[in-house]
Amino acid sequence: MSSLVGTAALVRLALRRDRIILPVFIIILAVMVAASAYATAELYPTVASRVEATAVINTATSTLAMFGPIHDETSVGALSTFKMGIMGAIAVAVLALIIVVRHTRAEEETGRLEMLGATVVGRRAPLTAALLVAGGASLLTGIVTALTMIAVGMPIRGSVVMGFGFAGLGIAFAAVAAFTAQLTKSARAASGMAGGALGFFYLLRAIGDASAGNGLSWVSWLSPVGWWQQTRPFAGDRWWVLGLLLGLAVVLSALAYVLAARRDFAAGLLPDRPGPAAASPSLRSPLALAWRLQRGGFLAWAVTFVAAGFVVGGLTSSVDDFLTSPQALDFIAKLGGVQSISDAFLAVELGFMGVFLSVFGMQAAMRLRSEETAMRAEPLLATAVGRVTWALSHVTIAVLGTTALAVFMGLSAGLTSAAQVGDIGQLGRILLGALVQLPAVWVVVGITVAAFGMAPRQIVIGWVALVGFVLLGEFGALFDLNQAVMDISPFAHVPRIPGGEFVAAPMLWLTAVAAALIVAGLSGFRRRDLGGS
Amino acid sequence: MEAAIQIEKLTKTFGSTRALDELDLEVRVGEVHGLLGPNGAGKSTTLRVLLGLLRADSGVARLLGGDPWRDVERLHRRLAYVPGDVTLWPSLTGGEVIDLLGRLRGGLDEKRRAELLERFDLDPTKKTRAYSKGNRQKVALVAALSSDVELLLLDEPTAGLDPLMDAVFRECIYELREQGRTALLASHILSEVEALADRVSIIRDGRTVDVGSLADMRHLARVSISADLAGPPDGLTTLPGVHNLKVDGTHVDLIADPDSLDKVLIALTSVGVSSLKSQPPTLEELFMRHYGDKKGALKGEGPVTP
């Protein structure tokens, strides 16, 4: 078909551009999943120990909401992958959607695709190439993961199902991104919508999984992320569910092709409406501009956080439902108190919120770098705006934005939970639990700002640090790491509230570390050249 | 009076690339100064150093009596800048960008803004992602020209403009020169510099190779002569200072160095001249003198005189 001419060349171009990130991602993910499976399997060598552990996991609402149930309490593979399985699948989905947007809408927005399109490149070639690269990367991730899983001694059948499940969810979200990339003119919005869809479906299955006791487990079936779980690797190995993921991919890509064929180059589905001929009186400072540029993203995050708060707060009562089961009572005893089971759930969820808050804060701070490389900082800095003033504008959005988001989620979770348990004091406890995350979040922001000021080409350090902190928190104990190593993560110092005791000292010194990092970044930025790349 | 811009022996390297190599530049108050050079000569780097966006490795740069690296905020209130590659915030309208940049500079003249929008035929209600390259350029031009500043730094400001808009831009520059304002115009478009600039600095490989008014440069540059003679020419081939000699029967085309012009004419009239056409050098020829046939030969030399 002539509309596909040039696809091979575009695939090669995409692989050339992604030649570092793809292998790095695939190897890290496969090794992480296999290593965590291996280490977990070591912890539960006997069937009895696995049955016991599975019983606790399957009754604790927090783990159900986060990772879903384990469908075979005797399976070593199912227990060993109950965390990293779903996390890995979601990571593959994120990779796939980023690849697709990066090689379609982002190329169109910058005008680079126009240059390519003028050569002998068919109308459908760019989208096809992006889907091939994203699908191929997903499939390769799945295969490599399956092989490493088999290499560490996991059952072959289950490893293969899990690997293909990774590939399936990746391919499905490649198609989701192909679809969202047709809707808007902005690459940022396209990946935001696809990522939002992923978050929504994750939350949907969280509701289904956590509320299975209330007969709501069907809700999980509304979500592609839920379908991934229903392939049940190591616990039934249901191949046919992969068909649902592939079916979704086919439908959405077909839709994307139809939309792409109907629209003009570089256009979205919605026509541009004229905007104001003059700037509003408030648009008169770098901070006002930073807010203007980031408010759309912030509002999307705010809606997500408030919704997540309602879900988390609403689940408090189902946590209490499990108080009667003997395994749960055992679990409570281990945690040391009756009140503590729902507290522990809330504290864990708020800890997760801290990680997501860091993602927002880091992205808000990284805007400095993207504005710089896009040469949009230059006209601003050519006016009477000093460098520090300009840089502080986006840093302010990062710091105040994370604060506002924490308050929003604390309020929505707190109010819902207070209504559930009939105790208004719950609001204060949960709000505090949300706010104590902030100093650690600001440290991540600080690391990003420091990288921006001192090593701008290595701005990715922000992501590396955050992923490292999360891995330390999730797997540090599993791999029996030294406490001093685990303490590198700022999140290790956050008091677990509600339930735990509030201590002011780490709050203060984490804030001080964050401030020092920001100051270091700003002074580095003052001294360096402004660069395009 | 102190010069608006004074640069001496300015050097800037990026890794192993020497973008500016002891560049000299003087822009006097009230003049339109052309900064001429091909792509990669160091024009944009020079402007970015003057804006305090890049820090020079060595040498002196003074701007409106201040240090461009240190006195950023104070100096930037008195200047406006049009970048060579205008990228704007895609979600803002052109009008919003113009207002924002004007306010951040310390205010803009509303009347002048409206007038310039009219003259440049720019729709300020469009989102900047919908603008063509030329229209983005207009946004930057309107933003810069509608402010009441002493100095304009223009980096290939007409890139993407159509000839009509080009003419509007030229009018604007004439007006600001009449108001006594100063402009540094970096360009590789020779006709534009020829039409607008009082003085020109020609740079190459980060180094100034020629400075002066166009009249001075022309005076120093070769003249092209085309003549029909009464008979075959005589003695021209051996005459020093004659280049590109072409003889077609009794027709002669040649290029003469200015100081051998006298002898060339004597040689021609000794045969008998029936028609004579002489042309002063265009800026293109000045330019080619530094970039064309001597490519590579000028490295390390100062301004060249024939």
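Okay, let's start with one pair of strands: in chain B, strand β3, residues 32–36, is joined to strand β7, residues 182–187, by five bridges, and the two run parallel. If you want one residue pair to look for, take B:V32, whose bridge partner in β7(B) is B:A183. Before I go on, please keep in mind that this is a predicted model.

So where do β3 and β7 sit in the sheet? They belong to an open sheet of six strands in chain B, and the order is β5-β6-β7-β3-β8-β9. The pairing in that sheet is mixed. At the edges you'll find β5, residues 79–82, and β9, residues 207–213, of chain B, and each of those pairs on one side only. Going from one strand to the next, the twist averages 15 degrees.

Now look for a helix on that sheet. Helix α5 of chain B, residues 133–145, lies across β5 and β6 of chain B, with β6 being residues 151–155. Relative to β5(B), α5 runs at about 175 degrees.

Next, the other sheet I want to show you. Chain B also has an open sheet of four strands, ordered β11-β12-β10-β13, and here the pairing is antiparallel. Which strands stand at the edges of this one? They are β11, residues 242–248, and β13, residues 273–279, of chain B; each has a single partner strand, so one side of each is left without a neighbour in the sheet. The twist from strand to strand averages 15 degrees.

Let's zoom in on one pairing there. Strand β10 of chain B, residues 223–229, pairs with β13(B) in the antiparallel sense, over six bridges. One residue pair to click on is B:S224 with its bridge partner in β13(B), B:Q279. This sheet has a helix across it too: α9 of chain B, residues 261–271, lies across β10, β11, β12 (251–256) and β13 of chain B. The angle between α9 and β10(B) is about 10 degrees.

Let's step back to chain B as a whole. Chain B has ten helices and 13 strands. Its C-alpha atoms fill a box of roughly 70 × 45 × 35 Å along the principal axes. Of the 306 residues in chain B, 44% are buried. And if you take the contacts in chain B with a separation of 6 or more, 71% are between residues 24 or more positions apart.

How do the two chains touch? The contact takes 30 residues from chain B and 27 residues from chain A. On the chain B side, α2 (72–76) and α3 (94–105) each supply at least two residues. The largest share of that side is from α3(B), with eight residues. By class, the chain B side divides into 13 nonpolar, six polar and eleven charged residues.

Last stop, two helices in chain A. The axes of α19, residues 387–421, and α20, residues 425–435, of chain A come within 8 Å and cross at roughly 150 degrees. That angle makes α19(A) roughly antiparallel to α20(A). The crossing of α19(A) past α20(A) is right-handed. Residues that meet there include A:L411 and A:L415 in α19(A), and A:I430 and A:L431 in α20(A). What classes of residue make up this contact of α19(A) with α20(A)? There are twelve nonpolar, four polar and no charged residues.

Conventions: Residues are numbered from 1 along each chain as its sequence is written. Chains are lettered from A and ligands numbered from 1 in the order in which they are written. This is a predicted model: local features need pLDDT of at least 70, side-chain atom pairs count only at pLDDT 80 or more; totals for chains, interfaces and linings use all residues. A residue is buried if 20 or more other C-beta atoms lie within 10 Å of its own, exposed if 12 or fewer, and partly exposed in between; C-beta atoms are placed from the backbone. Two residues are in contact if their C-beta atoms, placed from the backbone, lie within 7 Å. Ala, Val, Leu, Ile, Met, Phe, Trp, Tyr, Cys and Pro count as nonpolar, Asp, Glu, Lys and Arg as charged, and the others, Gly among them, as polar. Two strands pair if DSSP finds at least two bridges between them. Axes are lines fitted to C-alpha atoms, for helices over the stretch in contact, and angles run from 0 to 180 degrees between N-to-C directions. Angles under 35 degrees count as roughly parallel, over 145 as roughly antiparallel, 65 to 115 as roughly perpendicular and the rest as oblique. A crossing is left-handed if the near helix is turned anticlockwise from the far one by less than a right angle, and right-handed if clockwise.
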